[in-house]
Amino acid sequence: MGLTEFGRVTALRLKRRHFLLAILAVTSSSRATSAEPQRFRVAFANLNEEPGARIEGLGFTGAEIRRSFELASRALPFDMIYYDNGGDPEKALGNAKDAISRKIDLLIEFNSDPAANAEIGRELSAAGVPVLAVNYRIPGAPLYSADYREAGRIAGQALGKFAKENWSSQTVVGAILGDVSDPSSVVTERIQGVTEGLKQELPELSPVRLDSAGHPVRAGGVLAKFLAAQTNRKLVLATLDDPTALAAKSAVESAGRISDCVIVSQGADRSIHGGASERKEIDPANRGSIVLGSVAYYFDRYGYEILPIALRMLQGAQVPERTSTKHILISAKNVFVEYPPYDMN
Amino acid sequence: MKDTHVVASIALSILVVLGNVGGAHAQADCKSLVKASPFGPDDQTGATNRITAAVTKAAAAEIQTGVVIPMAFNLVDGVPLFGTRFTKTMLTSASLVPGGEYGKNKLTYMEDTYLSQSHVGTHIDGMGHIGIMDCYYNQTPMGKFVTQNSIKKLGLENLKSFATRGVIVDMVKVFQEAGKLKTNPACRTPCLDGGTLITDADIQAGLKMYNVTLREGDVVFLHTGWGDLFQQFPAQNATYNKAAPGLGKAAASWLAGQKVVAVGTDTWVVEVIPSEDTSEAFPVHAILLTDNGIHIIENVRTDLIAAEASTSKRATFFLSMTVPKAVGTTGTFVNIEAIR
């Protein structure tokens, strides 16, 4: 993986600018010392911070993403500026222009509209400001992104393995429950991944798609109807988000079918796991749950993953063209390792 | 039955995966996980070894006026606690009932039953409180020394005196003077907001404010203002517990390098919450307690001594704090006073 052309040019510009700034700082300020770290002005334009807006069809909110940047930047030489794109391409473009006018050193852009991203890329390039794209490509900019297909594959494989180990002599059906008719790639790739993961373990199994239109309440009803038709069968169920997994579990319990179903979800958001005293669904003390786990997307850690890449860019170091989230299955066994609780002392 | 009972099979498979981890304690290589103690391979005491007669004598010079400043919160039902933790006091006063007196002299008596976890209120963390896997202070493989009711090594009975010099560092003033104080609206007086990272540079700035140089054997207290939320119990318990301003890892290592005996704050945790890296659990606890044998004192009332230091421009005092010889325990509530 090499530095992008855009990255090389901006890195050179930045090096020159920082060299001059450094000379200025040394000569003009008697308080400046060589031990003081260079500080950078970094802007983060978030996808959507509207209350209730769910990020990429998962249970995370924009506020959680922003908070991760606030926390991660505490120990970095960054002065952060935050923007909310509000899911609006025009607003995203306006935010990018405002960031340029505020003489930022780097923009981290999380915006899903390709046309707006292309224009943002052009504007920033013309201003000599490097861009780091989040989840959606911006021409010439390095990308940090979730790997939706891989996350789906992990879920499918976990379900398939469970069925192979526990229901080898049973008839097993598979289903994917959630907003399955959403045409966006963040959903279609997850579904593709789940299907591939299941087939890896159970080649004969083709999962049925159960459409909840993204409403957890509706998910329970859809699943209940499906379960009623699956007498004497076992069900491996992939849910596309955690609220849907919790609704599905409730539906399975209501149908008296907990012996016949296991669920693996996507997201690992705070609705499904929590602290030592909270007793959420995925919890070390709840190892018998039919919710085997949820694949982590770590949207609540994006700041910790992305800001170090931004720092390397600003220091003129090479960064990969694409860095992907390291998804893993969060289960009762590892939830407190991955998400240490702090409600104890 | 396996095929028809999913819940049981899940539990079974997890048990199989866990193997020996469940009942017996996994044996880790403690020499690679935890630092050796500077006080010798058999030491169970930790940093109170530093409080020698000379240290106590030097600290006594801090007593100039005899004024005593309280540094502990009242221990009372309703103060901030986590989850299922509780405190409950029950009074035995049966002899006060007419006819229940003892003897011709009509003697009566009362006593209390106090039900509580040990790490509540103003309290000290002992060497048995925090480890990495089963490795605790001084590379102790704690799995060998744990029983159902207590620990057989590193209990509080091993501690020495805390008769030493205390130092108050006013982080609120430091952040105010640096123009970076971000307060919390629930605080009635200025406070560092939850999640505010305190660096070694911040601590050094606070020491410089009152011309203090740390000495080996000091106990350092940081005033963050967060304790105001504790004082508003129970109204602000949730806010108090949800986050905290506090030490980052570099600051903890710096303090360890100063050979202090304990670090206390007016928060429930001493370290910054959320942590610098939220994928780590209480890293400052491990640096101070596990690696360096330095005690942590939580929920300290720092506002009064911080105000006194601000008035007198003197940030040092003689520390009065005693720890019960409670055998095999990992921590206890304490009373603290600053004698000026």
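How many helices and strands does the secondary structure of chain A come to? There are 10 helices and 12 strands in chain A. Please keep in mind that this is a predicted model.

**The chain as a whole**
- Chain A has 345 residues, and 48% of them are buried.
- Take the contacts in chain A with a separation of 6 or more: 78% of them are between residues 24 or more positions apart.

**Two domains**
- Chain A is divided into domain 1, covering 5-146 + 300-314, and domain 2, covering 148-296 + 332-338.
- Where the domains of chain A touch, 6 residues of domain 1 are in contact with 15 residues of domain 2.
- On the domain 1 side of this contact in chain A, you will find 3 nonpolar residues, 2 polar ones and 1 charged one.

**A sheet to look for**
- Six strands of chain A form an open sheet with mixed pairing, in the order S7-S6-S8-S9-S10-S12.
- At the edges of this sheet are strand S7 (208-211) and strand S12 (329-330) of chain A, each of which pairs on one side only.
- Strands of a sheet pair through backbone hydrogen bonds, and they can be parallel or antiparallel.
- Strand S9 (residues 261-267) and strand S10 (residues 291-296) of chain A run parallel and are joined by 5 bridges.
- In this part of the sheet, Gly267(A) stands opposite Ala296(A), which belongs to S10(A).

**A helix across the strands**
- Helix H8 (residues 242-254) of chain A lies across strand S6 (172-178), strand S8 (234-239), S9 and S10 of chain A.
- Relative to S9(A), helix H8 of chain A runs at about 165°.

Technical notes:
Residues numbered from 1 in each chain as written. Chains lettered and ligands numbered in written order. Predicted model: local features only at pLDDT ≥ 70, side-chain atom pairs only at ≥ 80, totals over all residues. Pairing = 2+ DSSP bridges. Helix = DSSP H or I, 4+ residues; strand = E, 2+ residues; numbered from the N terminus. Contact = placed C-beta atoms within 7 Å. Axes fitted to C-alpha atoms, helices over the stretch in contact; angles between N-to-C directions. Buried ≥ 20, exposed ≤ 12 C-beta atoms within 10 Å, placed from the backbone. Domains from an automatic or database assignment. Nonpolar A, V, L, I, M, F, W, Y, C, P; charged D, E, K, R; others polar.
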